[in-house]
Amino acid sequence: MLIAGTALWNVAAALGSSTISQGHSLPVRPFPFKLHPLVALGWSALIGGALCFLGVVVNVFAAIMYNLISDIVGGVQVTVAADKHA
């Protein structure tokens, strides 16, 4: 997704800033900034990695809390019985 976004931005930038502005219904004028694709890719990867790490931490915490609460309450018991007609 990051590579596709960078590639699309480069294609749009190659067509000129007026094409990018028209695509977003902005007034036709050059952008006051220059996008560096590798920098944007690096920051996006860093933020994505941080979000993945945060998701792992939240899931581990949720699993620990579930196990603690299940231990106190008793949890769910499932009884599996053999089929008598087999």
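Predicted model: local features only at pLDDT ≥ 70, side-chain atom pairs only at ≥ 80, totals over all residues.
View 1. Helices (H or I, at least four residues) and strands (E, at least two) are DSSP runs, numbered from the N terminus. Along the sequence the pattern reads α-α-α. Of the 86 residues, 5% are buried; buried means under 20% relative accessible area, exposed over 50%, and partly exposed in between (1.4 Å probe, protein chains only). The chain exposes about 7,600 Å², with carbon and sulfur atoms supplying 71% of that area.

View 2. The chain's mean is 79, and 78% of its residues reach 70 or more. Among the elements, helix α2 (residues 17-23) has the lowest mean, 53, while α3 has the highest, 92.

**View 3. Helix α3 has the span its residue count predicts.** An expected span is 1.5 Å times one less than the number of residues. Just after α3 comes Gly74, with a positive phi of about 115°.

View 4. Leu41 is partly exposed because its relative accessible area is 27%. Not counting residues up to four places away in sequence, Leu41 touches Leu2, Ile3 and Thr6 (contact means heavy atoms within 4.5 Å). Gly5 is 36 residues from Leu41 along the chain, yet their C-alpha atoms are 9.1 Å apart. Ser44, at 31% relative accessibility, also counts as partly exposed. Ser44 and Leu2 are 42 residues apart in sequence but 7.3 Å apart in space, C-alpha to C-alpha.

**View 5. A nonpolar surface patch covers about 910 Å².** Its members are Val56, Val60, Phe61, Ile64, Met65, Leu68, Ile69, Ile72 and Val73. Val56 lies in helix α3, residues 37-73. Patch residues have over 30% relative accessible area and no salt bridge, with like charges joined within 9 Å and nonpolar side chains (Val, Leu, Ile, Met, Phe, Trp, Tyr) within 5 Å. A salt bridge is a side-chain nitrogen of Lys or Arg within 4 Å of a carboxyl oxygen of Asp or Glu. Areas come from the Shrake-Rupley method with a 1.4 Å probe; for residues, only the protein chains shown count as cover.

Methods: Residues numbered from 1 in each chain as written. Heavy atoms only, no water. pLDDT = per-residue confidence, 0-100.
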